[in-house]
Amino acid sequence: MRKVFGIKKSPAEYVASCSRNLDTILDAKTLEEKKTKCFNKLENNLKDMSIMLYGDGETQVSDAKITKLLNEVKGSSLVTRLVMNIQDLGFEIPKTISKILCYWLHDKERVNMAIDYFKVNTQLIPHLVSHFEREEVYLPCSEVVKEALIHPELLKPFLPEKNDSDNIVFKVLDYVAMKDLAFSAEAYGMLDAIINCKLSKEHTLSKDKETDHKKIVAKWLNSNFDEFWKKVHTFMEPNGSHLMIKQMLKLVYHILKNHRNYYVMIKYINDASNLTRIMRLLRIRNKKIQVMAFNVFKIFVANPQKDQSIIDILLPNREKIAKFFKTLGEDEELDGQFEDDLEVLNEQLGVLDKLRTAPNNEDAKAEQKTESNVAGTETTKDVESNTTQTTDKTSEMNAVPTTSVPDSNKPKLDSTSSTPEGNSETKKQ
């Protein structure tokens, strides 16, 4: 690897040299031999520029040179042309382009410069997303998209509140469905960054920006609720990929526990079909899936303002659910925190009869309907507090015993799910 002290060119000279070599590469009249030489020169120059930013592990970088280099980059069309032709630049060059852009996007002192650049060149992010399925560039494309769309200023134009089937989120979900596991996992990383503001190790975001990011996503989820969940649920079929189920349960859990998504959570957990779906996933004999499904299931149980359809599923299963929790508590891998969780959940199970008994007079019925409305009453604020508290308490559980759920619309837990034999069978796996 080249040493920083061995770099002879100035930042301006590197940018100019890269531009000339790129011109030659993109010229259709250029002979192959000359094009190959220009490829090598462009690759080496970009690597030197990357070393100016990151160093080589032995020599400290110069802050003054970093500033000059990024100013030169911003003042030229080099980056735009490199990104818009990233699919034609082989394997090594796109990786180095990604490293340079990712540095720019998470460098605290110069990040605003990068944001301004991407805001002006609005074609860059869509181009990177559209070329994600190319094997040689899917990682560089994904890395830049994740680093860019963490910033609320860059995310907002791509998450309009109106329903748009061509939205970037739906495009990324299509990539998640790709059969190649490497592509699918990387696409999920993009989705997690966009929806849950998942940061890379190198990236930090101010609390204000993180809040703005989550507000943008919450508005978009509200406006695109049905279409979004329809796509997500296609990955949560019991006979589907276990890896995909785990990823999507993790996504669902983080969406529901984020208080910015409160109205999304209330609408989701008061839909009986969603409860049925999660209960079926508890049947899967995979410990990690059971843990993740259980964490989502607890949000349904912890909601003190359950819809009647939710009560109609939980009430017939109340005793078996209680036994299920008790058996779960006997798992040696669980810590003492489970006792607190069990107490809260048993309280909610204990009042199911009262919730099911509706008042006879019309005024009381109207009052109950108002209290159930997610449009925003003082009572719903308590739901948010109680539900968030419960989900936070139990997020670290490490095991869930097998639960059997029939395929009817009102599933019942299999009696074997609360037996020690059922639990030991899960452990053996």
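Predicted model: local features only at pLDDT ≥ 70, side-chain atom pairs only at ≥ 80, totals over all residues.
Okay, let's start with Val169: setting aside neighbours within four places in sequence, Val169 is in contact with Leu159, Leu191, Ile194, Ile195, Trp220 and Phe228, where contact means heavy atoms within 4.5 Å. Numbering runs from 1 along each chain as its sequence is written, and side-chain values use heavy atoms, with hydrogens and water left out.

Val169 is also one of the four residues, with Phe228, Met248 and Phe297, that touch the most other members of the largest nonpolar core, which has 115 residues. The biggest share of this core comes from H14, with nine residues. By nonpolar core I mean a set of buried Ala, Val, Leu, Ile, Met, Phe, Trp, Tyr and Cys residues joined through side-chain atoms within 4.5 Å. Buried is under 20% relative accessible area, exposed is over 50%, and partly exposed is in between, with a 1.4 Å probe and protein chains only.

Now, H11. Helices here are DSSP runs of H or I, at least four residues, and strands are E runs of at least two, numbered from the N terminus. H11 covers residues 181-196 and reaches 21 Å from first C-alpha to last, close to the 22 Å expected; that expectation is 1.5 Å times one less than the number of residues. Twelve of its 16 residues are buried, so H11 is largely enclosed by the rest of the structure. Just after H11, Cys197 takes a positive phi of about 55°.

His213 is buried, at a relative accessible area of 0%. Not counting residues up to four places away in sequence, His213 touches Leu149, Ile150, Pro152, Leu155, Ala193, Ile194 and Cys197.

Last, the whole chain. There are 24 helices and zero strands. Of the 429 residues, 50% count as buried. And for contacts with a separation of 6 or more, 75% are between residues 24 or more positions apart.
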